[in-house]
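I opened this notebook to record what I looked up, one residue or element at a time. The entries begin with a single position and its surroundings.

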Amino acid sequence: MIQLTRRNFMKFAAASGAVLATGEGMKSKALAGTVQTQTGRDFSPTTKKERQAIPTACWQCVARDSMIGFVEDGRLVKLEGHPKSIRGNGHICARGMAGINQVYDPDRILYPMKRTGARGEGKWKRITWDEAVTELTDRIKKLRDEGHPEKFIFHYGRMKASAAKLIGGLVEATGTGSIGNHTSLCEAGKWTAQELTWGGHFDNWDIDKTKFILNFGSNILETHTNHMPVAHRIMNAKVDRGVRMVTFDVRMSNTAAKSDEWIPIRQGTDMAVFLAMTNVVLNKGLYKGDGEEFLKYCKCTEKHDDTVENKVEALKKHYANYTPEWASKISGVPAAKIEQIATEYATTKPAVLIAYRGAITTYNGTDSERARMVLNSLTGNIDNPGGNCKAVGAGWASAKIPKSETKKAKDIFDGAPKGQPESYPFPTHHASHQVLPRIKASGPGTFELALWYCYTPAYANGDVQGNIDVLKDEKLLPFVVSVDPFYGDSTHYADMILPDATYLERYDWEDMVDPTQIGEYYIRQALVKPLGESRDFGDVMIEICNRLGIKTDYKTKEEYVQQSVDMTPGVKEAGGWEYMKKNGVWNDGKAKYYSYKKEVPAEAIKEAGVVYDEEAGVYWNPEKAHVTENKGYFRSKNAYKGYVATKMGDKLIAGFKPDKINKSGYMELWSQPLKDVGMNPLPEWIPAPEHANIAPDDLHLTTFKVVVQTHSRTANCKWLSEIYPQNQAWMNPKDAAARGIKDGDRIKVKSAIGEMEILAHVTENAQPGHINISHHKGHWAYGRYASGKKSPVGADDPDDANIFWKGFGTHPNWIIPNKGDRIAGYQRWNDTLVKVTKA
Amino acid sequence: MKKGIGISRRDVLKAGGATATVIAVSGASAVVANAAEGPPRWAFIVDLRRCVGCRTCTVSCKAEFDVPLGRWRAVIKPVDWGIYPNNRRAFVPRLCNHCAGESEKGVPPCVEKCPEAQSGERLKMGDVRYRTGATYKRPDGMILIDMNLCIGCYKCIDACPYGVRYIDPSVKLKRPDREKDFGIGKCTFCEHRVDNGIEPSCVQACPHSARIFGDMNDPDSKVSKLIKEFNLDKNREKTTLLPQEKTVPHVFYIDPEGVLGRYKFDYKDKAKKQAEFRDNIV
């Protein structure tokens with residue numbers, strides 16, 4: 001071999017450089033060297049060995065993307081999107097990538113603990129699992145024996161798919177129906193509006209086939225319920241197919257920034273723009289064609305079988321005063337812009353209209369979503385390829401879950417506490433943020449035992465101080481159990497902590513919505529064994545039930561998941577559990593559209609018990625709905641459970657099947673259930689009471705989410721918090737200057753219920769009149785990366801010396817009250833007005 | 001082909017004419033399987049139209065290499081301009097540019113300043129022989145660091161105008177007299193993955209296909225096609241970072257909006273250029 005000298009090496013390098021610079025090398029055929037994309041493989045950078053690849057599913061947010069976990073020497077080292085997933089196409093987000101930080105969080109709780117000091121003092125002793133399970137079982141048993149199983153409140157933050165089915169089911173099997181959830185903090189108003197209009201909940205925007213994307217208040221490229229599966233399709237549609245995207249938002253989010261147009265809109269006024277756009281569509285006749293065709297399936301007046309002409313006339317009458325000029329005064333969006341966007345949306349077919357948090361976290365939230373449904377209906381963009389579709393997910397079978405013969409529940413989940421001048425006629429997803437205030441209002445004795453599962457009541461709800469006051473009160477909550485992998489702001493106020501397995505250490509079947517309308521079946525499997533003594537709470541609930549004498553066909557959640565997977569049609573034939581463990585994903589390849597048009601066979605209405613309700617145009621079965629006294633379909637409790645089909649002319653169709661609310665099988669733009677509670681059956685603009693007397697120096701406080709954080713759950717993920725260590729308050733330079741505030745100044749933000757301090761971020765990306773403060777930050781007990789404090793059980797970590805940030809931000813929920821929108825009771829995160837001064 | 005390093009321009013072209021060989025088989029440790037082949041020339045393209053600033057690349061890279069806190073190998077820099085309501089925002093992803101260096105020198109500043117750039121073993125890539133070093137350039141264009149050879153002078157850190165190199169507190173130097181000193185980290189183009197036939201971690205990760213990696217010497221590769229379509233290599237003034245430094249980056253930007261021109265940092269100041277190569281969301 002010839003010696004490679006520095007000089008020769010340089011000579012070579014110069015030669016190859018020259019070739020490349022002139023591009024001559026490309027005249028010839030390919031040189032060797034090619035890389036494959038999306039292989040689902042990974043190698044160690046140190047040993048160069050291939051890492052073990054295991055398909056599983058994410059849980060850093062509710063989008064739950066399919067992914068591949070890579071394991072090296074028994075340690076989880078890397079996560080990537082699953083290349084075969086039709087939802088994700090191999091993609092997860094930054095949060096998903098940082099899931100490893102959850103498993104190896106040095107502040108993690110690794111064994112059961114019981115409080116030794118005062119509640120909230122942070123003093124704990126280690127106990128055994130047997131002690132922990134015995135204590136919990138005994139307490140549940142005592143309440144059952146006393147005939148008050150409902151004095152056990154189970155409140156979860158996030159629980160989906162097999163976890164919901166099994167854990168939720170087993171909790172109910174103990175006899176309590178006192179089960180709280182989280183949706184009133186998320187998008188309950190949106191779901192209720194959908195239940196009032198097209199029945200069921202969840203809309204999928206068929207991005208792959210759409211030609212126009214109109215977005216109101218969704219930061220979908222940064223964070224969303226179905227984030228990455230939708231987001232990557234949006235960017236493909238934009239760049240590959242030139243699809244235009246327009247975003248209305250109170251601030252310039254990254255989504256707004258990457259849209260073709262950002263249209264600033266005053267907080268809480270999206271509905272006014274929907275109404276005005278509908279006015280334009282009606283007046284310009286843009287509903288003709290697809291819209292008219294779809295109107296046949298809509299209820300727009302009291303009569304379900306009204307003519308399309310009458311329907312249009314009724315809508316025109318209702319919308320006459322909702323002009324672009326009217327909406328412009330309310331929203332700050334120029335009237336001409338409203339008209340232009342309305343025309344573009346109505347004439348670019350098919351098109352999607354995305355609306356999320358920005359449009360619904362307000363007094364009119366539920367009606368805002370109903371107004372969106374009207375606009376989608378009048379343009380024929382409902383459940384059509386490229387339009388706004390009824391969501392499709394996996395339909396797993398479930399192994400048998402035992403049931404309690406009797407079930408009792410406390411009536412505490414669906415309303416505002418006494419004294420608050422609010423009522424919510426359709427809290428179909430509960431007003432769970434009002435549970436702690438209502439426990440306080442009800443006084444001692446309401447509950448004897450409280451269990452939080454994947455839930456941080458102190459941090460997640462509004463009025464943080466109010467929450468802490470209730471959580472610390474041993475008279476109101478005599479015994480509190482927190483099930484959590486991590487020490488945090490709410491476990492801090494528990495009496496016993498059960499260390500849960502993280503999502504990367506457990507098994508589930510999963511079913512999140514598929515943007516392709518096909519429906520993806522996928523599973524989550526453990527990549528590593530649960531650290532320390534942590535256990536999947538599904539396993540713990542099985543043990544508790546078994547100890548209570550409630551029998552199950554499985555001893556672990558893994559067994560339950562396996563049995564369910566092996567029972568599920570389609571998956572079963574593909575190879576069941578073994579197939580899913582190896583492949584992680586399965587689908588039937590069939591996209592589902594126009595489900596409402598499906599004809600129902602005549603035999604269905606000939607079944608015993610099925611009756612026709614003339615008023616609703618619905619065939620239903622009162623017996624099946626357990627209705628003993630038939631007061632008519634609309635007015636018999638839970639009649640929707642007996643829904644069979646809708647009569648349209650001489651046809652029998654599946655229609656828009658109701659869920660949770662007795663609506664007809666029509667798309668109810670005009671709502672009988674709303675009329676029956678004395679509300680306007682058509683969407684109606686009613687200004688938020690707080691905004692009636694807005695002072696010149698008031699600012700709208702709006703909250704938002706950031707691309708590298710999820711709610712309250714990721715601040716102790718070190719790779720995410722090093723990018724976003726603290727939140728700052730976005731202010732427009734004009735508002736800042738008027739208050740003598742400069743970028744980076746410490747400011748005071750004061751609402752009706754409290755005051756907080758935070759750093760100002762003075763930016764043109766904020767709209768005048770608004771101050772925007774993100775969630776995620778300002779933790780006080782959640783680990784070193786989130787709060788600067790090690791947990792009481794925190795271990796040393798090699799990265800400790802590298803933590804460079806000193807500020808951890810401020811949580812806006814300290815100054816946001818718990819309130820509800822006027823229909824669903826959904827938390828009005830963005831209706832708060834504040835005064836801002838330099839600190 | 002001639003043996004050794006006295007490789008001529010003609011030889012390279014000749015090698016280029018040889019049949020293509022597909023590698024990417026499990027366990028393959030070298031990119032080039034056929035000895036008659038010339039090496040590839042890896043290039044990295046960032047499509048600024050597609051980048052939404054999601055930081056999936058950033059975090060994917062942290063995981064792939066378990067990068068310590070406060071250090072990054074891939075970052076996203078937001079670029080803001082204009083006054084409300086006509087304000088705009090775009091994102092510039094950054095990583096090591098794997099520069100070719102000026103043609104007369106043939107190596108980028110980091111290699112040039114490395115006193116141990118030639119102290120490693122002799123290796124072969126296809127028919128091309130090369131010598132490794134502490135910081136060295138592989139025939140396929142990757143700028144790599146061999147921590148066994150690094151003496152910890154840290155001159156490369158200062159030499160890089162982009163500030164992409166950092167002192168890595170998780171890596172100790174191997175030289176007997178320097179065992180207490182820390183090593184150096186930076187983007188490797190995921191050499192350990194690419195040599196096994198799979199794309200770099202951040203390319204796999206990017207949900208929006210804003211990161212494209214491939215062989216410039218292969219006219220059928222996606223990078224070659226994009227280079228041609230967007231005239232990336234002939235228009236380096238507009239498609240690479242700090243073209244005035246004449247480092248000849250092999251990270252190109254598809255930038256129809258002219259975002260790069262708005263992205264400025266003080267690269268002459270040692271502390272500032274390194275502070276710039278951090279990821280931070282406000």
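**Entry 1: a residue in chain A.** I started by listing what A:L652 touches, contact being taken as heavy atoms within 4.5 Å. Neighbours within four places in sequence aside, A:L652 is in contact with A:K598, A:E599, A:V600, A:P601, A:A602, A:I605, A:Y619, A:A645, A:T646 and A:K647. For one of these, A:Y619, I noted the C-alpha to C-alpha distance to A:L652, which is 9.2 Å across 33 residues of sequence. A:L652 belongs to strand 24 (residues 651–653) of chain A; here helices (H or I, at least four residues) and strands (E, at least two) are DSSP runs, numbered from the N terminus. With a relative accessible area of 11%, A:L652 is buried, where buried means under 20% relative accessible area, exposed over 50% and partly exposed in between, with a 1.4 Å probe and protein chains only.

**Entry 2: how the model is to be read.** This is a predicted model, in which local features need pLDDT of at least 70 and side-chain atom pairs count only at pLDDT 80 or more, while totals for chains, interfaces and linings use all residues. Residues are numbered from 1 along each chain as its sequence is written, chains are lettered from A and ligands numbered from 1 in the order in which they are written, and side-chain values use heavy atoms, with hydrogens and water left out.

**Entry 3: a residue in chain B.** I then looked up B:T135, which lies in strand 6 of chain B and counts as buried at 3% relative accessibility. Apart from its neighbours within four places in sequence, B:T135 is in contact with B:C110, B:V111, B:C114, B:A117, B:I143, B:L144, B:I145, B:C156 and B:R165. B:M147, twelve residues from B:T135 in sequence, has its C-alpha 8.8 Å from that of B:T135.

I looked at A:D203 and A:K190, whose side chains meet in a salt bridge at 3.4 Å, N to O. This pair links distant parts of the chain, 13 residues apart, with A:D203 in strand 8 (residues 203–205) of chain A and A:K190 in helix 7 (residues 188–197) of chain A. Both A:D203 and A:K190 are buried.

In chain B, the side chains of B:D195 and B:R138 form a salt bridge of 2.7 Å, N to O. B:D195 sits in the loop between helix 5 (191–194) and helix 6 (201–205) of chain B, and B:R138 in the loop between strand 6 (135–137) and strand 7 (143–145) of chain B, so the pair ties together parts that are 57 residues apart in sequence. Both B:D195 and B:R138 are buried.

I also noted a network of salt bridges with members from both chains, which links A:D42, A:R51, A:E72, A:K78, A:E80, B:E64, B:R193 and B:E199.

**Entry 4: an open sheet in chain A.** Four strands of chain A form an open sheet in the order 11-10-9-13, with parallel pairing; two strands pair if DSSP finds at least two bridges between them. Strand 11 and strand 13 (352–355) of chain A are at the edges with a single partner strand each, so one side of each has no neighbour in the sheet. Strand 9 (residues 212–216) of chain A is joined to strand 10 of chain A by five bridges, and I found A:F216 opposite A:F248 and A:I213 opposite A:M245. Five of the six residues of strand 10 of chain A are buried, so this strand is largely enclosed by the rest of the structure.

A salt bridge also involves two of these strands: A:E261 and A:R244 have their closest N and O atoms 3.0 Å apart, with A:E261 in strand 11 (residues 261–264) of chain A and A:R244 in strand 10 (residues 244–249) of chain A. A:E261 counts as buried at 16% relative accessibility, whereas A:R244 is partly exposed at 26%.

Note on methods:
Salt bridge = Lys/Arg side-chain N within 4 Å of Asp/Glu carboxyl O.
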